[in-house]
Amino acid sequence: MSNLLWFLEHKKIEFFSDNLFMVLSILIKIICIVLPLILCVAYLTYWERKMIGAMHVRLGPTRVGFNGLLQPFADVIKLITKEIVIPSQSNKVLFLISPIITLMPALAAWAVIPFGPEIVLANVNAGLLYVMAITSIGVYGVVIAGWASNSKYALLGSLRASAQMISYELAVSFIMVVILMVSKSLNMSDIVLSQNKGWFFDNGFAFLSWNWLPLFPLFVIYVISAVAETNRHPFDVVEGESEIVAGHMVEYSGVAFAIFFLAEYANMILLSSLASIMFLGGWLPPLNFVPFTFIPGWIWLSLKTFFIVSLFIWFRSTFPRYRYDQIMRLGWKIFIPVTGLWLVLVAVWMRTPWNIWY
């Protein structure tokens, strides 16, 4: 009996130590993803102000730090030191929880984003399905923020924002189904590797074997839908000053407002990285020969994501704001029918002798 007790105790300690090591390693990986992501969000605001300034022939931030490089930290300190004003008649618990509900899906989705071959936190087989499910939760934070504020302006803004987000999520979902069909997998790494073959890849022009070329209309629709889903200009009528003040965030200030701000830019980076993975070959180099093949895959993914994010900024500084009825008409009467039609066309294409996804 004593030997049995010693054996069970030994196995218990070994099991505990193995689990503790596994949990610590996962936490370290999460920190290695989240901290650079938050830093990228901070400097995305700096890049946005600099890029728009250059397009408008002005300087942008120049005062804080060398060439304004410390401006994002100054903005964070300003928001942290501001008072969080909670409306007296609001639902205080939901009022404070809703920014977190909006931010967490934008961070949790990165668990399945591959930064290179075998460089991913959770290489699950249903990665694309996980992304579709986790990103759809963000709309609850927007609705709860508007309702919990007990303000008619915040409520109307949240309803407009949620309706717009759900509308364009449908078009994005159709596009993801097409990616599933041509890749024959829900695994994010497999989706990247499925673009790493074909005649163009064998001859060194890997970028012509990526999904953006045969699925170019879907690529364009995805980028525009991503802009609309994140409520960015020219689809930001929920926050338009002439429309409905600051939308669902009108009653928020300080850190609570900063979290909404962080969630918006984190979603921009997330949707841009998804565009890079589904259409631009993820971590794959554009040309399949030296010196391009020597550059680490995470750098290629970062450059492609940076390109898509810069399109968001370009749209903001170029196009006029649409009316709300125009935004909904574009989503329901154009994008959803076109993506549905392309879904059928790709399915038929894959059954013909000219199928390029083998």
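Student: Why is N231 called buried?
Tutor: N231 has a relative accessibility of 6%, and buried means under 20% relative accessible area, exposed over 50%, and partly exposed in between (1.4 Å probe, protein chains only). The value of 6% falls under 20%, so N231 counts as buried.

Student: What kind of model do these values come from?
Tutor: This is a predicted model, in which local features need pLDDT of at least 70 and side-chain atom pairs count only at pLDDT 80 or more, while totals for chains, interfaces and linings use all residues. Residues are numbered from 1 along each chain as its sequence is written, and side-chain values use heavy atoms, with hydrogens and water left out.

Student: What makes the phi of N231 a point to note?
Tutor: Phi of N231 is near 55°, a positive value in a residue other than glycine. Most residues other than glycine have a negative phi. N231 sits in the loop between α9 and α10, where helices are DSSP runs of H or I with at least four residues, strands are runs of E with at least two, and both are numbered from the N terminus.

Student: N150 also has a positive phi; is N150 buried or exposed, and how do you know?
Tutor: N150 is exposed, because its relative accessibility of 51% is over the limit of 50%. Its phi is about 55°, although N150 is not a glycine, and the residue belongs to the loop between α5 (138-148) and α6 (152-183).

Student: What makes R316 and E48 a salt bridge?
Tutor: The closest N and O atoms of R316 and E48 are 2.7 Å apart. The pair links distant parts of the chain, with R316 in helix α12 and E48 in helix α1, 268 residues apart. A salt bridge is a side-chain nitrogen of Lys or Arg within 4 Å of a carboxyl oxygen of Asp or Glu, so the R316 to E48 pair qualifies at 2.7 Å.

Student: How do you know whether R316 and E48 are buried or partly exposed?
Tutor: E48 is buried, because its 3% is under 20%. R316 is partly exposed, because its 39% lies between 20% and 50%.

Student: Which residues are linked with E48 and R316 in a network?
Tutor: E48, R232, E264 and R316 are linked in a network of salt bridges. By the rule above, the count comes to seven salt bridges.

Student: Why do R49 and D75 count as a salt bridge?
Tutor: Their side chains meet at 3.4 Å, N to O. The pair links distant parts of the chain, R49 in helix α1 and D75 in helix α2 (residues 71-81), 26 residues apart. The 3.4 Å is within 4 Å, so the R49 to D75 pair is a salt bridge. R49 at 39% is partly exposed, and so is D75 at 22%.

Student: Which residues does A108 touch?
Tutor: A108 touches Y130 and I134, not counting residues up to four places away in sequence; contact means heavy atoms within 4.5 Å. A108 belongs to helix α3 (residues 92-108). Its 28% lies between 20% and 50%, so A108 is partly exposed.
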